[in-house]
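Please look over the structure below before reading on.

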Amino acid sequence: MASLCVGGVLFVAYPQDHTPRHVHNFAGETEVVVDLRTNRTVDLADRVDAIRPRNAKRNSVGHILKVAAEHFDELVTLWEKMHA
């Protein structure tokens, strides 16, 4: 696994994970799975468990998405490091 911690968010890419490219993000008790789109944007992964717990605070999810967008290039590098 490869990880990066910025802005109070831990970003993790797992080596045996699937496409599309994405990272798991942890801030406090919240986990958000964020897709790293080919158009250089981030978005919630299109999966049922993209936000855990399901009742996570909106501002926590928003913060994670904001930090992920700000560090897009680093997160792509993290993903590629695990999936070369």
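**Briefing on a predicted model**

Histidine 24 counts as buried because its relative accessibility is 7%, where buried means under 20% relative accessible area and exposed over 50%, with partly exposed in between (1.4 Å probe, protein chains only). This is a predicted model, in which local features need pLDDT of at least 70 and side-chain atom pairs count only at pLDDT 80 or more, while totals for chains, interfaces and linings use all residues. Residues are numbered from 1 along each chain as its sequence is written, and side-chain values use heavy atoms, with hydrogens and water left out.

**Around histidine 24**

- Histidine 24 is found in strand E3, strands (E, at least two residues) and helices (H or I, at least four) being DSSP runs numbered from the N terminus.
- Its side chain makes a polar contact of 3.0 Å with that of aspartate 17 and one of 3.0 Å with that of glutamate 31; a polar contact is a pair of N or O atoms within 3.5 Å, of which, within protein, one must be able to donate a hydrogen and the other to accept it, and residues adjacent in sequence count only if both atoms are side-chain atoms.

**Helix H2**

- The buried residues of H2 are Phe72, Leu75, Val76, Leu78 and Trp79.
- These residues lie on the same side of H2, because they cover an arc of only 155° around the axis, taken from the directions from the helix axis to the C-beta atoms.
- On the other side of H2, Thr77 and Lys81 are exposed.
- The cover over the buried residues of H2 includes E1, E2, E3, E4, strand E5 (42-44) and H1, contact meaning heavy atoms within 4.5 Å.
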